[in-house]
Every structure is written in C-alpha cells, then in structure tokens.
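Hi,

Here is the structure I promised to pass on.

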Amino acid sequence: MSLTRRDFIKRSAAMTAASYVGINLPFTHQNAAQAADADTWVRGTCRLCGVGCRLEMGVRNGRPVALRGVPKARTNYGYLCMKGMLFYKIMQHPERLKVPLYRARKDQPFREISWDEALDIAAKEFADAVRKYGNDSTAYYGSGQCLTEETYLFQKVMRGGLKTNNVEGNPRLCMASAVGGYLTSFGADEPIGGYANVERSYCMFIIGSNMAEAHPVFFRRVMRQKLDNPDKVKIINADPRISPTSRIADMHMQFRPGTDLALMNAMAYVIIDEELYDQKFIDDYAVFRVGKDAKQVDLASFKADLEEYSPEKAAKICGGNITADDIRTAARWFATSQGTLSMWCMGINQRKQGVWANNLIHNLHILTGQLCKPGADSLSLTGQPNACGGVREGGGLCHILPGHRVVANEKQRNQVEDAWGIPHGRIPPKPGYHTMAMFEAVNEKKIRAIWINCTSPAQSLPNVTPYRKGMQSDDVFIVCSDIFPTKTTECANLILPTAFHFEKTGVYGCTERRSQITPKAVDAPGEAMPEVWMVREWALRLAKELNDPVIKQCVAPFMDKEPDYELPKAIWDEYTQKLTKGRDNDLRGATYEVLESMDDGVQWPAPTKEFALTGGTVMKFVRGSDPMAETEAKDDKPYQFYGPAHPDRKLWIWSRPYVGAGEEPDADYPLYLSTGRIIDHWHTTSMTGRIPELMRANPYSYVEINPKDAARMGVRPNDMVEIETRRGKVEMPAKVVEGPMEGMLFAYWHDMDEDRMINKVVNDAYDPGSKEPEFKICACRARRISGPKALKPYITRLNE
Amino acid sequence: MKKICAAILAVGAVVLLVACSSAVTGGKKDGAQSGPTSESAGPILAQHPPMSAQEKLRPCVECHKEVTPEIYTQWYNSRHGIDIVKCYQCHGTYEQMYKVPPVSQCAICHAGETMNNPSAQPCWDCHLEHTFKGH
Amino acid sequence: MPIGGFIINTLAQDCDVVVTALEQMAGVEIHATDSNGNIIAVIEAQTSDSMEESVKEIEGLEQVLSVGAAYLHIEDEVDKIERGELLPSNPLKKNKKNKVEWA
C-alpha cells in the first residue's frame, strides 16, 4: 500500500535527521520526472465538451502518444478531465472506419468501395431525390462537434447549391432554447461575458446543470473560487437531483421537475417586493414585455403578473425542499452580491418551455443589473465543443444563415448570396425542417436523401424507436460520415470514413465565444478524409448530375486546395472575412495566423488582428471591452446593446407564466424520469466506450433511485429495474443514492445497448419556439425485475 | 518537559535549517547510498490482485471505499475528489497500473508546476498524495 | 502523538550494541547507521511526556554519547484519522440536508 500519512511523517523525521549527518537514506519510492516520450507536441483544442480546454498532443513517429494541458490557456489553465487526457487512444483504434462502405439495401452487408465510387453514389442519389421529389426531399443533419469549416461548407452547398434549407444539427437538441433565450432577452445570441467572470464572482447560481461532471475543468474554477473564499462566495445549486455539483453549494434548492419557472418567478417577486432591483439599470437599458406579440408593459404590470409566485405560493408549487425563506435568501444573495454569475445547461434547455426558462434567468440579471460588470453574467454552458462556433454562428440550423443572420430576412439572404457570388433567390425564403420535423419527414417519406455527419441520431433523438425505424427504411438514402460504427451507421447505405480531430485542421468556437484552432498533427488511418474535402468533391459531382453550375460556384473558391490545411483555411477566410464582417460575431481579426500564434483563441467580436491577438472581447456591449460597443454606440452610455434581434436596443424582461412539463406523472405513470450525462462518457459512448479506463469506470447506464423510493420498490443497489413510459421500456441496474428527489428517477443516457437505451422512453414533445425536445422530464413507472445481473458493456460493431 | 521541549525545538530549528538545505542539494557522502534525485529508477507498478474481466468492469471506488477507506476519504475531501479526478487518471487501469505513478502523470494537468519544481523530490513528498494539501 | 527524528551518537565500535538495545525499546525505529557511530532513529510516543522518558532512557545507555533531536512533529489527530475515528474535515460547509454519496 502506498505511504500513509503517519509513515510519511516518520520518513520525513528520519530523512531530516539523516541529512544532518550526511547519511542519504535509500529512497524506496521510485520516481522520475519522465517526460512522456514524444518527438513533438502540437497545440490544439480538446475534442469533447464545450469548455474548450487547450491541450497539446504528443506525437512520436507519426503516432499520437499523449495529451497534456496548455498552462497559459485562459479556458482551462492547463487542466484536463479524464476524457481530454485520454481521447488520443481512439485515434489508432482497430475499429476506426478506414474505407468507404456501401450497400444498396439496408438488409445487405456493407462492402468496401473506392472514394470515386462513393462520391458518385452520393451525388447520384441526392440528384435523383431532387429530380423525383424536389429539392426539399434532401437534407443535411450535422453536429456541434464538426469543425466550423465543415458546417459552413455543408450548409453552403445545401442552401446555395441544392436550394434547400433542410440544414440542421444536433445542437437543436441541446442549445436551441439557449439561443432563443438570448435572442429574445438580449437581442443577440451567446453570453455577454465569459469564464473570466468566475474569479470575480461572489454569488453563483447553478441551475439545471451538473457541471462537475459535464464541464469538469470549468467547474474547477468555480470550485476554486469557492474554496479560496469560503465565506464571501455563495453558491446556490438548484436541481431536483443532488449531484456532485451540489457538494460546493451553500444552498441546494430541490424542486419538483418542471417547477423551476415558478421558482425563478418567485425570486423575481422577492427582488421587486423588497426593492432589490437596480432602477437605474432598468431605466437605462431595459423594457418589460409580455406575450406572443411582445407587448411592452411597465414594472407595475410585471409585478402584478408575479403575484401568483410569492415565495409561499411558489414553495407550494415547487415542493421538494423549497421553503419561502430559502427563496428569499437566494434572491437576496443574487441581488446584493458584488457580482452574480448564473450558469445552466440541459436542465433548463431541454424543456418544453426551455426558452421561457432561459428568459427567467436573464430576467433576474436584468432586474438586478447583474450584467456587464466584472463577476456578473448570465452564462449558458454549451455542451458541445463547436455548437456555438460552427452551428450557431456558421449557419447550421434550418432557420439561420452564417454570421447570425436569419433565413426569413430577404436582405440578409441576399447579403449571403452576394458573398457567395450566386444569384439572388437561390436560398429559399422559408426555413427548412427543424430536427424533430426532419426525422418525422423521413418517416413520412418526404425526405429521400439525408447526409448525417458526426452524430448519431439513431441513439440521441428522444423517443428514438419510431425515428430509427424510419431511418432503417429503404425509401431514404442515408450517407453517414463518422469515425466509428454507431447505431446510426447501422441505418446507412453509405458510410464515409472521416479524419478525426488532430488529423485535419479547423476551428472550434466554445461556450465563451472563443474560437480556437486545432491543426493536423498526425495522418488519418487508411483512406479516411477530412469532411471539407468530401463536400467539395461531392458538390462537383452534384453540379454535373444536376447540370447546375451554381453548385460548382459554391465550391469554386476552394478548388485545387490540399485538404489538410489550405482547404479549411480558404473556407475559414471566406466565412470570417465575408460573412462575419460587420456582424455581431465579427471574426475578421481571427485569421489562422493569429489563432495559431495564441495559447488559446479569440473571443468575438474581433474585427482587427491587433485586437484579436489580445484575446478579443471579454465583455460584449461594454465600451472599453467591446470594439463594436464603440462603433455601434448611439449615445454615451457605457453599455450599448446593439444585438441584431432587438431594434430598440434594449434588454427585454419577459413576463412568463409557470407551465409544467409536457408529460407530468399521473396514476399510471407516477414517477418523474430524468436523464443526464456522467463524467467518464461523452454522449453516445461511440468514442469513450472504446477507451478501457473510461469504459470500466461506467460500463453501462445506471438508474439512480432515491432511497425512500427504493425501499418502497424493494430495490437494492445493483438490482435490475425496469423503467416504462408510454413509449417503451428499458432495464437498468439501480444505484440507490440520495441523488434524485423522492418520486423521481435519474437515468444515465450514454448506453448503446438496446435494453438500456433510455432515449427509447423519453418524451419528444418540444418547445414551440426553439423546437428543442424535452429530454429532461417525462412520466414513468418502475419495478424491480431481479437481483444483480452480470451485464456486458456494448459498443456497436460493423456488419452485426 | 517544557525544558526538553524547548531544547529539542531549539536544536531542532537550527538542525532543520541545515538538514533541509542538504536534503535539497542531495549531497552524497562516501560510503553512503544514493538518495532521492530525479534520476532514480522509474515509478512503481502496482501488484493489483487478479480480477476477472467482469470484475474489472467496476469503478475503482466501489472496492476501494471498503479496502482503503482512509485513502478514499482523503481523496474525496481533496480538490481532486471535489473536482472528480478519478483514480485511474493517476494510477492507470489494469493493463498498466501504477502503485506510485510517474511524475509525468501529474504533468498532464500540472505542467507548469512540474517543470518548475525547485526540489528534486516528486510532487507528493510535499503535497501529500490523496489529500493534496500543503502549498 | 509526537513523532521525532533523532541522531544518536556512539563510538564506532559500540554501534551494534546500542542498536540491539534500541531495538528492544517500544516506539523506536532504526532507519540507518553509518561508520561514524551515528544512528538515525525515529521515536514515536503517545504523549510528549513519554517521548521525553524514551529519550532519557536512551541517554542513559552506557555507550550512548549524545541524543540530538533533528525533527519533531506533534499532531494528535493523525492516528485518529487512520483508525477512521476522525475523518479529515470536509473543506465545504454543507447543508445537513445534503448528503452526497456517489461512487
């Protein structure tokens, strides 16, 4: 066993005495500061979550051998979580997809084909679909893990080339409500501040997030701020479940799932009732609005709407451990701290009222003026590494265009068409299918050809069974580009092997508006290629098939560019220099040259290289921090809210009622079911499941059951439990833990195994504004099936 | 007692200063064995009791909460425990498990501190392993 | 529970005799000796008083020239922690409603 504390002290005593007389004691703990032996270290960004840790990949003889943090990076300061430490291990994994694979029908096995054949097939099938069923029978479903260059080029070819806005991505399933919240509250997407606010914050409100497991390296900064200032810093954790994040909380507010809207309205009630609001800030910068037509109202009307959310009434609605006193204390801490920082993630976003939930958080900040000053911010935590940079900013959703533009605005469509050198009218005027509608359209045979890139909807969609069935039909041609076989490649006709992170060059934009570059460090295995090359080659063939030179025009600036560096660079240059120019996410200063020279990256807006090299805009809208606050200034106030969605240049405080979840428990299904991630695994486990350290830490999904419920159900730790909803059933081993509140189950969602795939049973109702589904709440019933079983972890293999 | 204590402490204080400096410089005297330097032989591999494939599919803490409870508690209440730095991140997994990891493992997250360590001793000599206090 | 590191000095030829005698004593660990008659010992005791007695006993041995203290550590809680009687304190103040137990 390693040294105990007492042994250590005794050893120190002996060594000290020995040194005095010059005796060197034998050192039984062998140690060497061996550098992991690498020839070179290549600096880039982590492949996993939305924190945007910077790290270096150690390369020896052309192979990846290690990862280590970059100490000066302002995102992670050198720290990494276990996923960031270990993901190099999958790069040379024997199951990497190395050659294109094809089958005409989905009951056939895959056979290997050449790239020429593969791209020809892809072009012909999409062209056939256009000819027979129209442009809107084609679609692209991408990912918040694609590089910005990839998302941008795909959506350019789809919109400008194939003339369809059926461009979507998995951020619709996680961040769409946050986007909706920012746009409706602040007039502009993405946070005003960034991570730097943590070290200046004295009250942190963490709601709907288990950041200790979902954003561990950013959580480290929160933990550190608390431990360094234990009495001055207050942490409020609001979550129906006690999670590892709750450990650092001064107050844990445990409310019935879905009642967080009542809770936050109650906090707003206290802020107004006890006059803790910042009158000047509201007068200078905000207006009150209500309803579908955003009718402007005044404080008195807003206050009247909050009458039913007094702390006493809200405590009744919320149940759990919520008391009126706790609500008052939380509100007072929030309002009166020197700097209050809110952070949230899927608990708030993946909701039928996700946009409203976001609005209510922003309300608290606007009312109290906890914005734009150090330590104060309303910081939505982004789940994926490039949901912001690629999808939200690069135009990767059905209703938006690059540079924070919207499809519905003709002037903006024309701006984009001009930048692309294509005729006006190529981009259709109406948005395409949003994600849930897209897969419904697949089921209804309205979509006949779809390209799915770097994501696995056959596991990650809510209520996945009917959608997976639709994808398995031979009436839809599916191209799947990925690095490993997944549940989705099982539904594909054509599988294209992609180069992984560090095997190609590109930019990721993380939670705090910071764009960071990852260069190619090693070659991809076999014939795997970067996506940007695939799109270009496919577009050229499409142009021939459809006899449409405009499709060729979409990739014309990128001809003859080698795919590892020159091609993505040319794409990035076009996107930043032409499409973000003058927009609120101006990235013109963040050229590849600038990004490569930095330990971390550039926070937009950064219109010039000089400004980009300093790191960019720390606090948006604040004069002195944000260059656009100067150029867009309309008066001499210190904050200028120039966001493109609010012509009145104000922050909007929304009056929103409490509405519960889409499916609440009832007599037949009496328990709440919620789901979430765990630290060792990323999403569908297709990557982390192939790393032994991570797989062994969490080989299957568990369901957490409250000890009181477990006692009632007769469930003991590791017993097998069946969870059933209106949509199906799954079986999981149980963890009996004071985690979820009584009456609630919490299941981990990463498992690929059919029996344990929790997304089969969750609800696919979605927010009417953001179209983001309510993964987080539905009604279930559960029963003990058996004692512990020896389970096998499961990862998809090809041709199974 | 007080007199001896004072005497011990007085001698000790002087001696400690001398002792510390020679420990740091790691002086070698004739006839003495080689001491703690960064050139000493490598890290120590673990002799983990053999586990079946099924048994390996368990997080380390599941057994170690019972088998090494004081280490578990030290870790759980440390910065690593709160920030969920798990056992295998330092100690590896079965195919290559370390009882005492190489310092290069610390360097993955603590590159700055590791490279600028003024003493030749490994990190945990001063920052007691598992509690990680003391700086 | 005090722990002390000591240098016990003897004449070179008396070293072995003294080491044997020291090994009989409770709470005394020999860590090294050298050819100059230096013996490095760590003495562990329940209280400061009993440590003082041990030191006196060693000084009383005929062949011992001197006993010098190089390092003294007094921490009452170390062994309590190791026996599980005392858990190292959690640095975070917790609401007693929060009991986070997770594997």
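First, a term: a salt bridge here is a side-chain nitrogen of Lys or Arg within 4 Å of a carboxyl oxygen of Asp or Glu. Before you read on, note that this is a predicted model, in which local features need pLDDT of at least 70, side-chain atom pairs count only at pLDDT 80 or more, and totals for chains, interfaces and linings use all residues. Residues are numbered from 1 along each chain as its sequence is written, chains are lettered from A and ligands numbered from 1 in the order in which they are written, and side-chain values use heavy atoms, with hydrogens and water left out.

**Salt bridges**

Over all chains there are 63 salt bridges. One of them pairs A:Glu56 with A:Arg68, whose closest N and O atoms are 2.9 Å apart. That pair links distant parts of the chain, with A:Glu56 in strand E2 (residues 54-60) and A:Arg68 in strand E3 (residues 63-69) of chain A, 12 residues apart. (Helices, H or I with at least four residues, and strands, E with at least two, are DSSP runs numbered from the N terminus.) For accessibility, buried means under 20% relative accessible area, exposed over 50%, and partly exposed in between, using a 1.4 Å probe and protein chains only. A:Glu56 counts as buried because its relative accessibility is 17%, while A:Arg68 is at 22% and so counts as partly exposed.

Another bridge joins A:Glu444 to A:Lys446, again with 2.9 Å between the closest N and O atoms. Both ends are partly exposed: A:Glu444 has 46% relative accessibility and A:Lys446 has 45%. Then there is A:Arg514, which meets A:Glu512 at 2.8 Å, N to O; A:Arg514 and A:Glu512 are both buried. You will also find a network in which salt bridges with shared partners join A:Asp116, A:Asp120, A:Arg536, A:Glu537 and A:Arg541.

**The second largest pocket**

A pocket, on a 1 Å grid over the protein atoms alone, is an open set of points where a 1.4 Å probe fits, with protein on both sides within 12 Å along at least five of seven lines; lining residues have an atom within 4 Å of a point. Grid points are joined across faces, edges and corners, and the volume is the space filled by probe spheres set on them. The second largest pocket has a volume of about 1100 Å³. Its lining has 42 residues, and A:Gly180, A:Leu183, A:Thr184, A:Val355 and A:Gly769 lie nearest the centre.

Which element gives the largest share of that lining? H5(A) does, with 5 residues. Helix H5 (176-186), helix H14 (354-368), strand E16 (405-406) and strand E23 (651-655) of chain A each supply at least two. By class, the lining splits into 19 nonpolar, 13 polar and 10 charged residues. (Ala, Val, Leu, Ile, Met, Phe, Trp, Tyr, Cys and Pro count as nonpolar, Asp, Glu, Lys and Arg as charged, and the others, Gly among them, as polar.)

Most residues other than glycine have a negative phi, and most peptide bonds are trans. A:Cys372, although not a glycine, has a positive phi of about 70 degrees. A:Cys372 sits in the loop between H14 and strand E14 (377-380) of chain A, and at 5% relative accessibility it counts as buried. A:Lys771 has a positive phi too, of about 65 degrees, but is partly exposed at 25%. Finally, the peptide bond from A:Trp604 to A:Pro605 is cis, with omega near 0 degrees.

Cheers
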